[in-house]
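Thanks, everyone, for making time this morning.

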Amino acid sequence: MEHKHIDGVINMEMVFEGLLSLAHWQPILAIVSGLVIGSFIGATPGLTGNMALAITVPLTFKLPPVVGIPFLLAVYKGSLSGSSYSAILMNIPGTSAAVATVLDGYPMTQKGLALRAMKAGLYSSVAADTFSDLILIAFAFPLANAALNFGPAQKASLLVLALVLCGGLLGDSLAKGLLASMLGLLFSMVGLDPIVGRARLNIFGLGRMESIDLVAFLIGAFALAEVLMQIRKNTNQDIGSGKVSMDIGEQREGFTFRELFRYKKALIVSSIIGTVIGIVPGAGASIAGLLGYSTVKKISNEPEKFGTGHVEGVIAAEAASGAVSGANILPLLTLGIPGNAAAAILGAAFLLQGITPGPTIFVDSGPQMYSIFLAMILANALHVPLGSLVMKAFSKIRSIPFHILQPVIISLCILGSYSVNQRMLDVYIMLAIGVIAYLMRRVDIPVAPMVVAYILGRQTEMAIRQSLLISGGSLKIFIDNPLSLLFTSCTVLLLAWTLYVKCRRDASNKLHAGV
Amino acid sequence: MTTGTRQNRTDLYSGLVAIVIAGACWFWLIPFRTANAKEQGILKIIISKSANQPGFFPAIVTIMLFIVGLVLTLEYAYAHKGSEESLSRLLKAAFKSIKAENKMLPIITALLAYGLLVNGIGFWTTTTILLGTLLYYSGVKDSRFLALYLAATMGGLYIFFSVIVQVRFPSGLLF
């Protein structure tokens with residue numbers, strides 16, 4: 001299919017069209033509810049942001065894209081900031097994104113400064129998120145346009161690089177990450193061959209389907225597996241069971257936006273770190289938070305205060321993890337490569353809405369993309385007042401036994417996976433993938449690379465096979481072009497570097513163990 | 001037992017499972033469950049780089065999966081070179097790990113039973129029974145609370161999915 005090029009950095013005509021489609025009550029209501037749902041889910045220990053996204057994707061399939069996608073983005077944004085509430089109040093990060101927030105957030109609660117910590121976290125997260133969204137808006141269009149010129153060989157080498165990055169970085173072990181990627185690729189191949197249309201890996205009749213349903217796969221891998229993990233851990237963690245008083249109603253010492261700018265160095269540095277980490281496939285909000293925190297600590301005028309309940313520590317951690325949310329959909333939208341689990345789920349939501357992430361996204365769905373971008377900015381603006389309300393409400397909730405939530409989530413998994421195609425086969429697939437993902441997690445195999453590989457599998461296969469058909473089977477096609485050479489070299493270097501680091505670590509471990 | 005040892009053992013388990021899956025793909029799923037693969041021969045498809053064959057990419061991924069599995073297994077063997085970890089001790093550890101999943105067995109059985117019964121009995125009835133079983137299993141024994149909770153949750157889900165979104169669920173014998 002031939003696609004027309006659209007010149008310019010930002011297409012103003014599309015921006016206005018996008019703005020018009022957003023100026024209705026439905027998208028605004030979707031954003032508000034998404035933020036509230038996301039904040040509560042993110043704040044609940046055991047319920048992750050990915051789970052929130054996975055179980056809410058099926059709720060959006062009958063909504064128009066300018067309502068459904070902003071809702072999911074708001075859920076994601078809300079879950080990122082919500083995870084900091086339980087980190088600050090209870091010393092339990094709601095999701096891994098808030099791991100670094102605990103370091104200064106909880107000591108602030110112990111000092112009776114919980115409200116100040118939560119507000120500082122919310123404001124810095126929203127400010128950094130806005131910065132990251134602006135970077136996305138500025139670069140998405142030119143990057144997508146540039147990627148339109150990619151041929152199958154460039155695309156194949158880029159996709160392989162993304163798979164190796166995700167496999168290597170989304171877990172502790174490269175080999176296990178790659179194992180997960182291979183499993184994801186195998187799952188992506190179940191169904192009809194994308195070139196000749198013949199059945200492949202045909203078990204239980206699945207080979208005659210076009211492919212395994214993406215939503216069922218995502219719900220199983222993220223939501224059901226997470227619930228099974230929680231059931232196993234028997235996490236009967238009650239919200240509000242922390243030893244420190246969570247009631248922030250009487251606390252007067254809050255935090256203002258003006259005060260935030262006193263810590264502008266921390267805010268700017270962490271926002272940049274979070275944005276860069278967000279763009280890199282394989283990295284995520286937890287890495288960004290920790291990296292932002294440690295970098296700001298190094299350059300701070302008061303490094304000795306970090307870890308003792310210093311507000312700058314909370315700002316550094318929250319700004320870095322908040323900045324990930326806009327940037328990590330940049331590779332998804334422009335290249336069709338989801339860099340992490342959240343982007344993978346959002347990618348599925350885009351597909352469900354008939355928007356194919358990738359270089360042609362602005363050609364095919366330009367105005368919708370700009371309304372989604374504008375919705376992201378609007379979500380940030382609404383996040384401040386809504387977040388303040390949610391944090392107060394959350395601090396008053398005394399007890400939500402986790403085991404009460406688990407069956408509801410399982411029901412949502414079943415209903416969600418069924419309702420997209422209205423067939424029981426998808427429920428069976430979701431249950432099977434959920435159990436497989438649970439077993440993978442039990443032996444420390446990361447699930448996210450499997451999901452990313454599943455999503456990228458068909459594209460990667462098509463690109464590799466097309467390249468080989470063009471070159472008559474010669475592998476030279478993957479190094480002939482400067483861009484494919486660059487991507488292939490990066491893949492080889494990355495693999496070599498990871499192996500080198502692993503060998504050094506093993507050698508040092510043996511030395512310390514006295515072997 | 002140190003975390004390191006556990007890590008090594010999970011490496012071994014993952015490696016062995018990867019090799020088994022690769023074997024299943026190579027000897028069964030690709031030749032017998034993939035179009036043209038048996039007639040053409042998997043090795044021939046790979047060597048001649050027949051990219052138009054449906055079995056081409058699955059075969060490549062299977063080889064890579066086998067290599068990753070082998071690496072993980074060899075990593076374990078290398079880490080335990082000269083150590084006293086015997087096969088029987090390893091099997092005991094594996095058995096212990098499986099036994100630790102005891103708690104999960106009723107849950108997985110309930111999910112399996114759900115999958116088998118849902119079409120025959122009906123979606124909403126089976127889902128309500130599953131939900132009730134899970135709640136009961138997780139310690140909710142108060143029957144009044146259980147009934148109220150189930151009614152509220154399933155009612156809410158029914159209104160959203162069946163009435164608002166208008167999804168048609170299998171009705172089966174009951175509902």
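Let me start with A:Gln422, which is exposed, since 11 other C-beta atoms lie within 10 Å, and please keep in mind throughout that this is a predicted model. A:Gln422 sits in the loop between α18 and α19 of chain A, and although A:Gln422 is not a glycine, its phi is positive, at about 55 degrees.

A:Asp444, in the loop between α19 and α20 of chain A, is not a glycine either and has a positive phi of about 60 degrees, while its 17 C-beta neighbours inside 10 Å place A:Asp444 in the partly exposed class.

Now, what does chain A contact? On the chain A side, 45 residues are in contact with 47 residues of chain B, and the elements of chain A that give two or more residues to this side include α18 (402-421), α19 (424-442) and α20 (448-471). It is α18(A) that supplies the largest share, ten residues, and by class the side of chain A that touches chain B has 28 nonpolar, eight polar and nine charged residues.

Finally, a helix pair within chain A: α5 (residues 99-110) and α6 (residues 114-147) pack with their axes 7 Å apart and at an angle of about 150 degrees, and because angles over 145 count as roughly antiparallel, α5(A) is described as roughly antiparallel to α6(A). Among the residues making this contact are A:Gly105 and A:Met108 of α5(A), together with A:Ala117 and A:Gly121 of α6(A), and by class the contact has three nonpolar, four polar and one charged residues.

Conventions
Residues numbered from 1 in each chain as written. Chains lettered and ligands numbered in written order. Predicted model: local features only at pLDDT ≥ 70, side-chain atom pairs only at ≥ 80, totals over all residues. Contact = placed C-beta atoms within 7 Å. Helix = DSSP H or I, 4+ residues; strand = E, 2+ residues; numbered from the N terminus. Nonpolar A, V, L, I, M, F, W, Y, C, P; charged D, E, K, R; others polar. Axes fitted to C-alpha atoms, helices over the stretch in contact; angles between N-to-C directions. Parallel < 35°, antiparallel > 145°, perpendicular 65-115°, else oblique. Buried ≥ 20, exposed ≤ 12 C-beta atoms within 10 Å, placed from the backbone.
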